[in-house]
Amino acid sequence: MKFNIVIVGAGPAGMFSAYELIKKCPKLKILVIDKGKEVKKRICPMNETGKCCHCVPCHNMCGMGGAGTFSDGLLNLRPDIGGDLTEFTKNENRAWKLMDVVDKVFLRFGAPRKLFGILTPEIEALEQRAASVGIKFIRIKQRHIGSDNTPKIIQKFSQFLKKKNVKFLMEKEVTDLIVEGNKCRGVVLKSEQKIGSDFTLIAPGRVGISWVTKMIAKHKMKAEYLPIDVGVRVEVPAIIMGPVIEASRDPKFHIWTTRYGDFVRTFCTNHQGFVVKEHYDGFIGVNGHSLINKKSENTNFAFLVKVTLTEPFENTTLYGQSIAQMATLLGEGKPIIQRLGDMRRGRRSTFERLKRSIISPTLKDVTPGNIAMALPHRILTDIIEGLEKLNAVIPGVACDSTFLYAPEIKFYSMRINVKENMETDIRNLFAAGDGVGLSRGIVSAAATGVLAAQGILKS
Ligand SMILES: Cc1cc2nc3c(=O)[nH]c(=O)nc-3n(C[C@H](O)[C@H](O)[C@H](O)COP(=O)(O)OP(=O)(O)OC[C@H]3O[C@@H](n4cnc5c(N)ncnc54)[C@H](O)[C@@H]3O)c2cc1C
């Protein structure tokens, strides 16, 4: 088998790349390979049981549409969210144009027309309040597809590509790249079958991180460790967050702390939502979600400190894992919960003390404890300071009753070195998306896919 272009991964990066290629050059022979299933064969555990255990395998990250297929489908239409696209476009206009390109495709396949995050008097007031205490409020144009709609859009998108003669090879895993004389000539499947190609694009998403790490080592590709985000999930009464949520569905605040000069941010706000436990290999973590038919009286959001390591130890993934393992050990396999008031007083929380809060925790499978025993002092100091600053924008967020759950850690893959056209240092091998460290989100992954397609077309 020989194709002009083989794409590894049918997530947003892979699909948008195929779309751009076939649109510009309809005669190209393109093959997309994915180890997961077609949309209709993919089963979301939430749909089956009405419950989600939030373990990474159950999130069903593999298959047509990638990790986003069963997501909430929140499209962040801003080029510096989920990475910074201007690093590749070298030009802000081109980066904004890419947002339009991606957005139009989603609209074409059925995304709702309604936009969130456009400038309103409420948003302007929020921005002003934040700026007055040195916090940056990030205004983002957002489109919300919704979890019921994302699989339908992915289905239409893939049908369109198939009609345009893009071939899909599903439920087949790529295990290696064929590299000869520093030039990529195709891929090898698990079955040991070889597929030749003039150009290869790897877009394997986060589920493909360990495969990417292997490829980096085997083919001696240049790559670097990325910073990780370490912190807690904050839970407050929904009534406190109400006015902010009215202005912005998922408000993003960026804070630089005074003591350490670290970067802290809010992420993934779930209004009237639930904190959930996540299982990883060897440790647990927390996350949050909101449901359409079930509301809580609380709102949760991640509060994360960016951690970069330089020398002599750069491996941020191992560092994050050891923090998470420590927290898992202390919580006896359950997330640690602590009231902010107890944290301030340097004492552990107990079930008795949790009752002094004006809300009750939405995650019950927890160990009340002392997060200071698990997170490094610097991160803890950043979190307390950051919340106290944020209290000036969202009054009540840093009161004693606020719950903090740990550990919440966002791991990222190693970032493969790419040129402006998204070509790696192996000739004819291109890279895009989350799995190679070039994006963090549906729109940014899709945009890097478009850039890679444009790079391939130029080559
Ligand atoms: C539960 C959840 C909710 C999310 N919600 C949002 C949201 O609302 N908004 C947002 O912007 N982002 C969200 N994200 C993140 C978003 O889904 C990802 O950023 C995006 O899908 C990354 O796109 P990608 O194409 O790089 O990789 P992916 O979407 O992960 O796709 C990669 C594909 O490659 C395949 N693959 C991997 N390795 C191989 C191999 N060796 N051989 C063959 N195939 C392989 C995988 O099976 C997968 O289908 C969410 C993620 C999750 C898990």
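Student: Where is P407 found?
Tutor: P407 is found in strand β20, residues 403–410. Strands here are DSSP runs of E with at least two residues, helices are runs of H or I with at least four, and both are numbered from the N terminus.

Student: Is this a predicted model, or what is it, and how are residues numbered?
Tutor: This is a predicted model, where local features need pLDDT of at least 70, side-chain atom pairs count only at pLDDT 80 or more, and totals for chains, interfaces and linings use all residues. Residues are numbered from 1 along each chain as its sequence is written.

Student: Back to P407, then. Which peptide bond joins A406 and P407, cis or trans?
Tutor: A cis one, with omega about 5°.

Student: And what about the bond from E311 to P312?
Tutor: The bond from E311 to P312 is cis too, with omega near 5°. P312 sits in the loop between β17 (298–307) and α9 (316–330).

Student: Let's do phi. What is the phi of N182?
Tutor: Near 55°, which is a positive value in a residue other than glycine. N182 belongs to the loop between β8 (174–180) and β9 (183–189).

Student: Does N182 count as buried or exposed, and why?
Tutor: N182 counts as exposed because it has 12 C-beta neighbours inside 10 Å. The cut-offs, with C-beta atoms placed from the backbone, are 20 or more other C-beta atoms within 10 Å for buried, 12 or fewer for exposed, and partly exposed in between.

Student: What about M422?
Tutor: M422 has a phi near 75°, again positive in a residue other than glycine. Its place is the loop between β21 (415–416) and β22 (429–431). M422 is buried, because 26 other C-beta atoms lie within 10 Å.

Student: Zooming out, how many helices and strands does the protein chain have?
Tutor: The protein chain has 13 helices and 22 strands. Its C-alpha trace spans about 65 × 45 × 45 Å along the principal axes.

Student: What share of the residues is buried?
Tutor: Buried residues make up 49% of the 459.

Student: How many residues are in the largest nonpolar core?
Tutor: The largest nonpolar core has 76 residues, and I5, A18, I30, V102, L201, A431 and A432 have the most contacts inside it. Its largest share, 10 residues, comes from α13. Another core, of 55 residues, lies apart from it, with V244, F303, V366 and V397 among them. By core I mean a set of buried Ala, Val, Leu, Ile, Met, Phe, Trp, Tyr and Cys residues joined through C-beta atoms within 7 Å.

Student: What is A18 in contact with?
Tutor: Leaving aside neighbours within four places in sequence, A18 is in contact with I7, I30, V32, L161 and V166. Contact needs C-beta atoms, placed from the backbone, within 7 Å.

Student: New topic: which residues come nearest the ligand?
Tutor: Of the 41 residues around the ligand, G9, G11, G66, G205 and G433 come nearest. Being near takes a C-beta atom, placed from the backbone, within 6 Å.

Student: Which elements supply that shell?
Tutor: α1 (12–24), β2 (30–34), β3 (74–76) and α13 (442–458) each supply at least two residues.

Student: How do the shell residues divide?
Tutor: There are 17 nonpolar, 17 polar and 7 charged ones. Ala, Val, Leu, Ile, Met, Phe, Trp, Tyr, Cys and Pro count as nonpolar, Asp, Glu, Lys and Arg as charged, and the others, Gly among them, as polar.

Student: β3 came up there. What sheet is it in?
Tutor: An open sheet of 3 strands in the order β3-β6-β4, with antiparallel pairing. β3 and β4 (115–116) are the edge strands, each pairing on one side only. Strands pair if DSSP finds at least two bridges between them, and 2 bridges join β4 to β6 (residues 142–144).

Student: What stands opposite L115?
Tutor: R143 in β6.

Note on methods: Contact = placed C-beta atoms within 7 Å.
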